[in-house]
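Subject: Structure for your review

Dear colleague,

Please find the structure below, followed by an account of what was found in it.

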Protein chains: 2
Amino acid sequence: MDIHNFFLMLFLILVSARILGELFAKVGIPSVLGELSAGILLGVSGFGIIDVNDVLKVLAEIGIILLLFEVGLETDVKRLREAGSKAIVVALFGVIFPFSASLLAGIYIFDLTLPVSLFIGGTLTATSIGITLRVLRDIHKEQTGIAQIVIGAAVIDDIIGVIILVFVYDFAIKKEVSLSNAGTVTAFIFLFLLLAPMLANILSEFVRKYDPKKQVPGFIPTIIISLILLFSYLSHLSGAPEILGSFAAGIALSRRFFLPFGLGLRASADFIKKVKNSMTPIIQLFTPIFFVMVGLSMNLKVLDLTSGDFWIMSAVFLIIAVLGKYIGAYFITQKCASNKMLIGISMIPRGEVGLIFAEIGRINGILNNEIYAVLIFVIIITTIVPPFLLKWLFKFECA
Amino acid sequence: MDIHNFFLMLFLILVSARILGELFAKVGIPSVLGELSAGILLGVSGFGIIDVNDVLKVLAEIGIILLLFEVGLETDVKRLREAGSKAIVVALFGVIFPFSASLLAGIYIFDLTLPVSLFIGGTLTATSIGITLRVLRDIHKEQTGIAQIVIGAAVIDDIIGVIILVFVYDFAIKKEVSLSNAGTVTAFIFLFLLLAPMLANILSEFVRKYDPKKQVPGFIPTIIISLILLFSYLSHLSGAPEILGSFAAGIALSRRFFLPFGLGLRASADFIKKVKNSMTPIIQLFTPIFFVMVGLSMNLKVLDLTSGDFWIMSAVFLIIAVLGKYIGAYFITQKCASNKMLIGISMIPRGEVGLIFAEIGRINGILNNEIYAVLIFVIIITTIVPPFLLKWLFKFECA
């Protein structure tokens, strides 16, 4: 790849994301949709100026990891634990319902094979924490009880989603489920989830102690980014998606994790402030790249809007995708109905996770072009509509 | 490329650069050499864990551009102009002497062909501003009169170096010099140098005015990085090396350039502080990647230390490389001899620029393995030794 052309691409991504993000924010639309639109305009659906390439993927990946790291840094572990049981309920319903409903609809309504129906189920089971998180941050609601439940549930869904993908992929390719393979992945993920916070904790203790002794400037951003990279790599080894690694590292650095080490609260708060000060510009630089990439990956050209079958299938799976994630929130207690609505809607975006699933299915010949187009349509609608609803509905939140 | 392996690579680069940089600094060795050593250890000369790839190249490139941008931001244009005539003298002697001496030594001592001798001359003419700049920053001497002359001269050398490379490359490949081709590049470079500060100025004015109105956070780092990317791209179009574009953008943002717009000095200083606050973590994150990459590119395995011819040729070209850059400083007036020594030594490192020249020669079959090894040896010595001398000699600087 030519470095200069890459520079131009990155320039176009950063500038268009910024301009559209600002314009959207100015007229009251969530800025993340501006960044998404920038990707759609620059990519294959629009002017076709930018192709997705590996370098962009890496930068986008770092972007989403950093966003999750920042949320982890700000999240109070105690409050996340309190939200835990509710998050588990929301997550489980958000997996069971869309997966089984897609499977049944695929087989009995559309007469699809079992592997194809399973893959559709897997695609519609994934939750994209990125989109919702960004909207919550933009409207300064990321520290609410609702956000804690949503973050917890989305992380659980991400884990279950990967396990389902492993199972379904195995089955679709080999026509049989290898329990040992899927079992190994599952075991690794749980081991990682157990060990990651401990390791992050030890490392963050080291960072905090070592920071004042540094000779070369820039210790904090370098070591934080290194930690994120290491955890992402380790979480990959365990078979989990990268975002889990960074989340654990972020959590570990937050105040509650420093307390066991007998630190004064003030000292920890200062350190967190220092970490945030040196990380914020880096986070603000990288995260829009991720959302532009999601837009770049949305190929609107595959959609055949003139086909009646397309609309029928899209309508069915869209209803499953929306209701499947939405109803989970009605099985937990909340102060009022609008809070349940907010939690339900927050879980709907499929975003990049759904796009990756659909892409894996298409590349491996499991999903034909027609079904792939339906899934892309469902993913686009579930990704674009909820941010509007969330922004508006948070006015009715009961705190 | 696999994203997870890239994450691991980047982790190893950042952590090893940090650890070796800190260790070196602790025992009084310039930390940049620690980062260089990290690259040598990780690369083909050491454990061979990391291969140079395009993504790393891009990140390294952004690293050096950001370092130059920061220096531009801190540089007083008035003082740089005062240093101008002296910088030109140092630069010109630093081009004429090593180039002509290498050419003569190649033809009359070692019986090499004209194209080969020309290419050796081109390689030994380049100055790596990166290494010296980093050392000057580490010992907090980047704002001295000496630094201004060195920065000015190194930028001029970079420009002349590129023009020489175009000429020499043309001649070596086509066996004739295409004046129109080389002339076009030269004209473009000068046009760019003329227009870039103006454009940067207009853009920086826009940045400063628009900043308070922003809706989405992170305006400054995004727009600064975008500006650097754009200028790098434009400077590439003109045929100049990327680093010139970022340098111009940095200069444009500095105080002296804001004054003509009738701004109060305090307002400008505040804005520069704001720019620096949001850029420093990003700069500190990216620059070590560049120096590790220089180390990765130094293939020590090509050196055949048992060959007598190797040592004779290396000795001759090393003397030319060192003296050729060093004596330029003796043609300008300075308060004392040690200042001249400091300027002379600052110009010696060939670093990445020399490595790129040698690599182009080798890939195109102009330089055989033996001569390539000699150049690599000369580049390594001229890159590693001056930082030690500079750090020690600045004790004798006359301010």
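Two residues are taken to be in contact if their C-beta atoms, placed from the backbone, lie within 7 Å. Helices (H or I, at least four residues) and strands (E, at least two) are DSSP runs, numbered from the N terminus. This is a predicted model, in which local features need pLDDT of at least 70 and side-chain atom pairs count only at pLDDT 80 or more, while totals for chains, interfaces and linings use all residues. Residues are numbered from 1 along each chain as its sequence is written, and chains are lettered from A and ligands numbered from 1 in the order in which they are written.

Confidence and overall make-up

The model has an ipTM of 0.72 and a pTM of 0.76.

Chain A contains 16 helices and zero strands. A residue is called buried if 20 or more other C-beta atoms lie within 10 Å of its own, exposed if 12 or fewer do, and partly exposed in between, with C-beta atoms placed from the backbone. On that scale, 55% of the 399 residues of chain A count as buried. Of the contacts in chain A between residues at least 6 apart in sequence, 79% join residues at least 24 apart.

The two chains together

Chain B superposes on chain A by a rotation of 179° with 0.0 Å of shift along its axis, and the RMSD is 0.1 Å. This is the relation of a two-fold axis. The superposition is by least squares on the C-alpha atoms of residues with pLDDT of at least 70 in both copies. Both copies use the same surface, since 100% of the contact residues of chain B recur in chain A.

The contact between the chains takes 41 residues from chain B and 42 residues from chain A. On the side of chain B that touches chain A, helix 1 (3-26), helix 3 (54-74), helix 10 (219-237) and helix 13 (265-297) of chain B each supply at least two residues. Helix 1 of chain B gives the most, with 14 residues. By class, this side of chain B has 23 nonpolar, 11 polar and seven charged residues. Here Ala, Val, Leu, Ile, Met, Phe, Trp, Tyr, Cys and Pro count as nonpolar, Asp, Glu, Lys and Arg as charged, and the others, Gly among them, as polar.

Leu23(B) is located in helix 1 of chain B. Leu23(B) counts as partly exposed because it has 14 C-beta neighbours inside 10 Å. Its C-alpha atom is separated by 7.5 Å from that of Gly34(B), 11 residues apart along the chain.

Packing within chain B

Helix 16 (residues 351-363) and helix 17 (residues 369-393) of chain B pack with their axes 9 Å apart and at an angle of about 175°. Helix 16 of chain B is therefore roughly antiparallel to helix 17 of chain B, a description that applies to angles over 145 degrees, whereas those under 35 count as roughly parallel, 65 to 115 as roughly perpendicular and the rest as oblique. The axes are lines fitted to C-alpha atoms, for helices over the stretch in contact, and the angles run from 0 to 180 degrees between N-to-C directions. From helix 16 of chain B, Gly351(B), Gly354(B), Leu355(B), Ala358(B) and Arg362(B) meet Tyr372(B), Leu375(B), Ile376(B), Ile379(B) and Thr383(B) of helix 17 of chain B. The residues of this contact comprise six nonpolar, three polar and one charged.

Val294(B) belongs to helix 13 of chain B, and counts as buried because it has 27 C-beta neighbours inside 10 Å. Setting aside neighbours within four places in sequence, Val294(B) is in contact with Leu36(B), Gly39(B), Gly351(B), Glu352(B) and Leu355(B). Helix 15 (residues 337-346) of chain B is mostly covered, with seven of its 10 residues buried.

A backbone detail

Asp111(A) is not a glycine, yet has a positive phi of about 60°. Asp111(A) lies in the loop between helix 4 (77-109) and helix 5 (114-125) of chain A, and counts as exposed because it has 8 C-beta neighbours inside 10 Å. In chain B, phi of Asp111(B) is likewise positive, near 60°.

With kind regards
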